[in-house]
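Q: Could you take me through this structure feature by feature, giving the general idea before the particular case?

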Amino acid sequence: MSAFTTLPAWPAVAGGTTVGDGADSSAAIRLARLYDEAAVVERQYETGLREAEKQRARARRDERLLIRERRVGAALRKDPGLVARARYHQSVTPPNVPQTLLPDITLKLLRSQHSLAGADGADANAVVGIHRVEDRLAADLAEASAQSRRLQKRKAELADRRRTVQAKLEEARRVLQRQADATAAAGSCRGAVHLGRPRQRTRRAWEAPVESYRLSAPFGSGGGHWAHRHTGQDFAVPIGTPVRAVGAGKVVRVACGGAFGIEVVIQHPDGYFTQYAHLAAVTVDQGEPVATGQWIAQSGTTGNSTGPHLHFEVRVTPEWGSGIDPVPWLTARGVRI
């Protein structure tokens with residue numbers, strides 16, 4: 001398996017800008033590309049960890065078997081009469097007598113002899129047979145150890161790649177957020193970032209607005225940052241996290257100023273509206289239809305925000321002040337939060 005996987009195609013970036021979209025789009029696309037790359041490297045790293053652990057377990061097993069056979073072989077070479085006595089015990093022990101009553105070294109010899117007889121198809125000389133078992137196990141152990149070393153090296157390479165991608169991600173997040181802050185301060189949106197990605201296909205009618213998150217400020221909570229009560233549910237996520245439409249609908253607002261910073265509001269066919277706020281970039285235009293799970297924005301920390309997160313609201317109108325608790329609303333639609 002190749003150490004790195006080919007990533008999806010993206011719009012070409014030349015000279016630090018994306019053709020037709022400007023510098024803001026370039027930063028958003030670069031961050032999106034790095035998110036994809038980080039996801040690939042993370043999967044490869046986790047797979048490498050599992051493979052390395054399996055190989056280490058195999059090497060430990062082979063080592064235990066080799067130690068056991070060497071002990072049996074040493075005992076046999078010291079006292080060749082063990083084989084005759086083992087066969088005698090086997091022949092005279094009644095069927096209902098547990099073999100655990102026989103000497104431990106005898107049982108090990110019988111197992112070794114049985115294995116050899118099955119493998120070689122003949123009643124091989126015990127000493128020669130033990131040597132064969134030892135040689136085979138030693139070869140298996142050498143191969144398992146060599147494979148384990150190769151996997152450890154690959155794991156180290158992937159860990160280094162992982163650190164490199166994470167460092168690039170952090171820098172790309174800082175760049176995108178600086179541009180987003182400037183956009184929010186100007187109060188004028190610069191248009192959607194067209195990422196050129198295919199729409200996500202899902203059979204579900206509703207989805208969570210982000211895939212991986214930690215719930216932070218809940219609906220109705222108090223705090224110094226809100227004039228009254230918190231009007232939505234916050235999802236703590238890093239800057240640049242893909243934000244998805246929770247359901248199919250139409251974008252009725254894209255705004256870039258005020259307490260919510262950069263925000264998107266979607267109207268759904270059942271009459272409800274959902275708001276996505278404190279964004280770093282928007283990937284849809286006002287008036288555009290969206291599908292469930294479609295990537296509509298990248299999270300950020302614009303507006304009245306204390307740190308990177310997605311502020312998500314469910315409203316009965318497109319306006320602030322008509323919000324209801326988003327968690328039971330999503331739960332009623334089969335989305336666990």
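Q: How many helices and strands make up the secondary structure of the chain?

A: The model is a predicted one, and its chain contains 5 helices and 12 strands. Of the 337 residues, 42% count as buried. Among the contacts between residues at least 6 apart in sequence, 68% join residues at least 24 apart. The chain exposes about 17,600 Å², of which carbon and sulfur atoms supply 54%.

Q: What does the pLDDT of the chain average, and which elements have the lowest and the highest mean?

A: As a general idea, where pLDDT is low, the predicted coordinates should not be read in detail. In this chain the average pLDDT is 79, and 72% of the residues score at least 70. Among the elements, strand 2 (residues 17-18) has the lowest mean, 31, whereas strand 11 has the highest, 98.

Q: Over which residues does the pLDDT stay under 50, and how many contacts does the model have there beyond four places in sequence?

A: Residues 96-107 stay under 50 throughout, and the model gives them 10 contacts beyond four places in sequence. The pLDDT is also below 50 over residues 114-124, a stretch with 12 contacts beyond near neighbours in sequence.

Q: How many residues are in the largest nonpolar core, and which of them have the most contacts inside it?

A: A core of this kind is built from buried residues of nonpolar type whose side-chain atoms come within 4.5 Å of one another. Here the largest one has 46 residues, and those with the most contacts inside it are Tyr 276, Leu 279 and Ile 296. Elements that each supply at least two residues of this core include helix 1 (22-78), helix 4 (126-186), strand 6 (249-256), strand 8 (273-282) and strand 10 (295-299). Helix 1 gives the most to this core, with 9 residues.

Q: Which residues is Leu 279 in contact with, leaving aside its neighbours within four places in sequence?

A: The partners of Leu 279 include Ala 180, Val 243, Ile 262, Val 264, Ala 297 and Leu 310, and among them are also the polar residues Gln 298, Ser 299 and Thr 302.

Q: How many disulfides does a search of the whole structure find, and where are the joined cysteines?

A: In general, a disulfide is a covalent bond between the sulfur atoms of two cysteines. The search finds 1 disulfide, which joins Cys 189 to Cys 256 with an S to S distance of 1.8 Å. This pair links distant parts of the chain, with Cys 189 in the loop between helix 4 and strand 3 (214-215) and Cys 256 in strand 6, 67 residues apart.

Q: Where is the place of Thr 283, and which residues does its side chain reach?

A: Thr 283 is in the loop between strand 8 and strand 9 (289-290), and at 10% relative accessibility it counts as buried, the cut-off being 20%. A polar atom of its side chain lies 2.8 Å from the backbone oxygen of Trp 295, and the side chain of Thr 283 also reaches the backbone nitrogen of Ala 297 at 3.3 Å. Beyond four places in sequence, Thr 283 touches Ala 192, Val 193, Leu 195, Trp 295, Ile 296 and Ala 297.

Q: What is the phi of His 278, and where is this residue found?

A: His 278 has a positive phi of about 65° although it is not a glycine. His 278 is found in strand 8, where it is buried, with a relative accessible area of 5%.

Q: How far apart in sequence and in space are Gly 73 and Glu 134?

A: Gly 73 and Glu 134 are 61 residues apart in sequence and 8.3 Å apart in space, C-alpha to C-alpha. Gly 73 is found in helix 1 and is buried, with a relative accessible area of 1%.

Notes
Residues numbered from 1 in each chain as written. Predicted model: local features only at pLDDT ≥ 70, side-chain atom pairs only at ≥ 80, totals over all residues. Heavy atoms only, no water. Buried < 20%, exposed > 50% of the residue type's maximum accessible area, 1.4 Å probe, protein only. Helix = DSSP H or I, 4+ residues; strand = E, 2+ residues; numbered from the N terminus. Contact = heavy atoms within 4.5 Å. pLDDT = per-residue confidence, 0-100. Disulfide = S-S within 2.5 Å. Polar contact = N/O pair within 3.5 Å; in protein donor to acceptor, adjacent residues only side chain to side chain. Areas by Shrake-Rupley, 256 points an atom, 1.4 Å probe, with all protein chains shown as cover.
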